[in-house]
Amino acid sequence: MKKMSTLRLNPELVADKRSELLYQQLKALLDELEKKDISDQTKETINQQVGVINSTSLKDKALSKLLKEKQTGILKMLEKEYKLVPKNYYHTMWLAAGLATFGLPIGIAFGFLLGNMAFLGIGLPIGMTIGMALGASMDKKAEAEGRQLDVEIKY
């Protein structure tokens, strides 16, 4: 069974707070993945991403962008191949989707019914609430099925 690579960035490169947060978050994600049963091929792909990060000389915003890009790629791959998601993944995803999917149509309906499109904004918090509720229930389901990683991703 293949072992996962460890993040080893020079501390001088991780100088700003955003880079530090993303670095610690990615480190926690990799630690959590060590506990999961994933294929050697997936580990190899993740190790390649970690290798790119370990060999970089980027700093500040450029480093933050690289860390975020690699972390997002790893998370998308895990979600696609294993249905593994971090804590509050669906909550965050459905919050925005609820605004667009439910909030705007509800707001438009209010606007037409009341004859004033200024009421469009009424639907947004309703849609956001619906989206958050759907996301929270999906997160609970993922946790119950053992598909939730014990790490929360904050961008």
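1. Lys83, in this predicted model, has a relative accessibility of 44% and therefore counts as partly exposed, since the buried class ends under 20% and the exposed class begins over 50%. Lys83 sits in the loop that runs between α3 and β1. Its phi is positive, at about 60 degrees, although Lys83 is not a glycine.

2. Asp60 is another residue to check for backbone geometry. Its phi is near 50 degrees, a positive value in a residue other than glycine. Asp60 is placed in helix α3. With a relative accessible area of 37%, Asp60 is partly exposed.

3. Helix α2 covers residues 40–54, which is 15 residues. At 1.5 Å a residue the helix should span 21 Å, and its end C-alpha atoms are 20 Å apart, so the two values agree. The buried residues in α2 are Thr42, Lys43, Ile46, Asn47, Val50 and Ile53. They lie on the same side of α2, because the arc they cover around the axis is only 135 degrees. The elements that cover these buried residues include α1 (17–34) and α3 (60–82).

4. The largest nonpolar core has 26 residues, and the members that touch the most other members are Leu26, Leu29, Leu30, Leu33 and Ile46. Two or more residues of this core come from each of α1, α2, α3 and β2 (148–152). The element that gives the most is α3, with seven residues. As a general matter, nonpolar side chains tend to be buried together in soluble globular proteins.

5. Which residues does Ile46 contact, leaving aside its neighbours within four places in sequence? The contacts of Ile46 are Met4, Leu30, Leu33, Ile38, Ile74 and Met77.

6. Helix α1 contains Tyr23. Is Tyr23 buried or exposed? Tyr23 has a relative accessible area of 6% and is buried, because the limit for that class is under 20%. Not counting residues up to four places away in sequence, Tyr23 touches Leu7, Arg8, Leu9, Val14 and Leu67. The C-alpha atoms of Tyr23 and Tyr155 are separated by 11 Å, and the two residues are 132 residues apart along the chain.

7. Glu32 also belongs to helix α1. Its relative accessibility is 9%, so Glu32 counts as buried. When residues up to four places away in sequence are not counted, Glu32 touches Leu149 and Asp150.

8. The volume of the largest pocket is about 290 Å³. The pocket is lined by 13 residues, of which Pro86, Tyr89, Thr92, Ile153 and Tyr155 are the closest to its centre. At least two residues of the lining are supplied by each of α3, β1 (85–87) and α4 (89–114). Tyr155, listed here among the residues closest to the pocket centre, is the residue whose C-alpha atom is separated by 11 Å from that of Tyr23.

Definitions and conventions
Residues numbered from 1 in each chain as written. Predicted model: local features only at pLDDT ≥ 70, side-chain atom pairs only at ≥ 80, totals over all residues. Heavy atoms only, no water. Helix = DSSP H or I, 4+ residues; strand = E, 2+ residues; numbered from the N terminus. Expected span 1.5 Å × (residues − 1). Buried < 20%, exposed > 50% of the residue type's maximum accessible area, 1.4 Å probe, protein only. Arc of directions from axis to C-beta. Contact = heavy atoms within 4.5 Å. Core = buried A, V, L, I, M, F, W, Y, C linked by side-chain atoms within 4.5 Å. 1 Å grid on protein atoms, 1.4 Å probe; cavity = no way out; pocket = protein on both sides within 12 Å on 5 of 7 lines; lining within 4 Å. Points joined across faces, edges and corners; volume = space filled by probe spheres on them.
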